Every structure is written in C-alpha cells, then in structure tokens.
Amino acid sequence: MAPATNGSLRALATWSGAIAGLLLILVGGLVPAAFPVHGAGGWDLRPLGITLQVPALLLSALVCGPRSATLAAVAYLSVGLFQLPVFHEGGGIGYLLDPGFGYLAGFLPAAWITGKLARQPGMDDPLTLAGAAAIGLVVLHLCGLTNLLLGSLAGRWGGDILTLVVGYSLALLPQLLLCCAAGVLGWLLRRLLLVPS
C-alpha cells in the first residue's frame with residue numbers, strides 16, 4: 001500500500017474511533033450503573049450511584065487507542081461547554097467554575113494514558129486492560145482532586161474541602177469495580193474488531 005493510503009486509513013480509523021467513543025460517553029452518561037446482587041427474593045440490581053460515563057471513556061481508550069479516546073473526550077467537553085446538557089448538572093461555560101470541572105478535565109489525560117497503556121506489548125488479557133483502565137481512573141481523580149485543592153486554596157469553593165473531596169471522590173470505589181468490567185469488555189471488543197495487541 002502507498003504511504004498516503006496508510007495515512008488515510010489511519011485517519012479514518014482514528015476519527016471513526018473518536019465518533020464511536022463520543023457516542024459511548026454520551027450514552028454512558030445517561031445509564032445509571034448497577035451491580036447484580038442475590039437476595040432472599042432472587043437477583044436484584046443495586047444502584048452504584050454513578051453513571052457509565054467514565055467506564056465508557058476508559059473502554060473507548062482501551063479499544064480505540066489514545067488519539068481516538070482523547071478526541072472523543074475533547075468533543076464531549078466541547079459539547080457540554082457549549083450549552084448542551086450532557087454533564088451531570090447540565091452544561092454551559094459556567095461549568096469551568098464548578099468544583100467538579102477538574103474531574104471532567106481529567107477525561108483528557110485519562111483517555112490518553114489509558115489508550116497508550118492499552119497499546120503497549122503484552123496488553124492482551126482482561127486483567128492488564130483492567131489495570132490500564134484503573135490507572136486512567138486514578139489519573140482522572142487526581143486531576144479532580146488537584147482542581148478541588150487549588151480552588152480551595154484560592155478560596156473559590158467557600159465550603160469545607162473535606163466535604164467536597166468526599167462528595168466527588170466517593171465514586172472512585174464503584175468506578176474501580178467497573179474498570180474490571182471495562183477490561184473484560186475491552187478485551188472482547190479488541191478480539192472482535194481485530195485490534196492489534
């Protein structure tokens with residue numbers, strides 16, 4: 001194949017992955033996460049108090065790679081900042097001043113790092129892919145915590161910093177659980193879509 005054809009195919013794959021990732025993140029933001037539990041009355045779904053938005057971002061990074069996932073995250077943030085209500089409490093440019101915006105901004109490095117890790121040699125089983133997703137999740141939360149701490153030092157949030165940290169980072173535990181599911185699903189999709197490992 002000619003080099004121009006390879007570049008065109010690579011660009012098509014990157015943009016297709018970005019569009020698929022954006023759609024996955026948007027739909028994931030609408031679906032509440034739940035965990036199946038067995039009780040006296042049989043199986044039931046117990047809500048985890050989060051949506052599938054972050055696992056969708058990490059899954060797109062595992063399957064589509066760093067460029068596509070980062071483009072999907074940029075598109076998601078752009079859509080939300082330009083007034084479409086895709087964020088937890090709506091959308092708009094005012095979100096830049098929200099204490100939780102650091103977590104949304106963390107989508108960018110989380111997507112890149114997860115995608116880069118997923119493309120390393122030996123990343124061909126569900127456990128290593130779940131580990132890559134977990135690292136991306138930790139990066140996302142570190143960005144959010146950094147924003148909370150810097151805003152608190154600047155006196156922007158006005159409330160108790162500990163309450164903010166607990167309120168925003170309590171989702172880390174159920175999200176870590178969903179990283180395992182993202183690793184398994186990512187592994188299956190990479191096999192089905194013939195993504196090189």
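**Figure 1. Secondary structure and overall dimensions of the predicted protein chain.** The secondary structure of the protein chain amounts to eight helices and two strands, where helices (H or I, at least four residues) and strands (E, at least two) are DSSP runs numbered from the N terminus. Read from the N terminus on, the elements follow the order α-β-β-α-α-α-α-α-α-α. The radius of gyration, taken over C-alpha atoms, is compared with a globule rule of 2.2 Å times the number of residues to the power 0.38. The protein chain has a radius of gyration of 18 Å, close to the 16 Å that the globule rule gives for 197 residues, so it is as compact as a globular protein of that length. Its C-alpha trace spans about 60 × 50 × 30 Å along the principal axes. This is a predicted model, in which local features need pLDDT of at least 70 and side-chain atom pairs count only at pLDDT 80 or more, whereas totals for chains, interfaces and linings use all residues. Residues are numbered from 1 along each chain as its sequence is written, and side-chain values use heavy atoms, with hydrogens and water left out.

Figure 2. Buried residues make up 39% of the 197 residues; buried means under 20% relative accessible area, exposed over 50%, and partly exposed in between (1.4 Å probe, protein chains only). Of the contacts with a separation of 6 or more, 66% are accounted for by residues 24 or more positions apart, a contact meaning heavy atoms within 4.5 Å. The protein chain exposes about 10700 Å², of which carbon and sulfur atoms supply 72%; accessible areas come from the Shrake-Rupley method with a 1.4 Å probe, and for residues only the protein chains shown count as cover.

**Figure 3. The largest nonpolar core and the surroundings of Phe87.** The largest nonpolar core has 34 residues, and those with the most contacts inside it are Leu57, Leu62, Tyr76, Phe87, Leu104, Phe107 and Leu140; such a core is a set of buried Ala, Val, Leu, Ile, Met, Phe, Trp, Tyr and Cys residues joined through side-chain atoms within 4.5 Å. Two or more residues of this core come from each of helix 1, helix 2 (53–64), helix 3 (66–81), helix 4 (101–105), helix 5 (107–118), helix 6 (126–153) and helix 8 (172–192). Helix 6 gives the most to this core, with seven residues. When residues up to four places away in sequence are not counted, Phe87 touches Tyr76, Leu77, Gly80, Leu81, Tyr95 and Leu104.

Figure 4. Leu59 is found in helix 2 and counts as buried at 9% relative accessibility. Leaving aside neighbours within four places in sequence, Leu59 is in contact with Leu24, Ala182, Leu185, Gly186 and Leu189. Leu59 and Arg10, 49 residues apart in sequence, are 20 Å apart in space from C-alpha to C-alpha. Ser169 lies in helix 7 (residues 161–169) and is likewise buried, with a relative accessible area of 18%. Apart from residues up to four places away in sequence, Ser169 touches Tyr103, His141 and Leu145.

Figure 5. Phe35, placed in strand 1, is partly exposed, with a relative accessible area of 38%. Beyond its neighbours within four places in sequence, Phe35 is in contact with Asp44, Leu45, Arg46, Leu48 and Leu177. The C-alpha atoms of Phe35 and Thr14, which are 21 residues apart along the chain, are separated by 32 Å. Gly42 has its place in strand 2 (residues 42–51) and is partly exposed, with a relative accessible area of 21%. Gly42 and Phe107 are 65 residues apart in sequence and 37 Å apart in space, C-alpha to C-alpha.

**Figure 6. Trp112 in helix 5.** Trp112 is found in helix 5 and is partly exposed, with a relative accessible area of 36%. Trp112 and Pro66 are 46 residues apart in sequence and 4.4 Å apart in space, C-alpha to C-alpha. Neighbours within four places in sequence aside, Trp112 is in contact with Pro66, Arg67 and Thr70.
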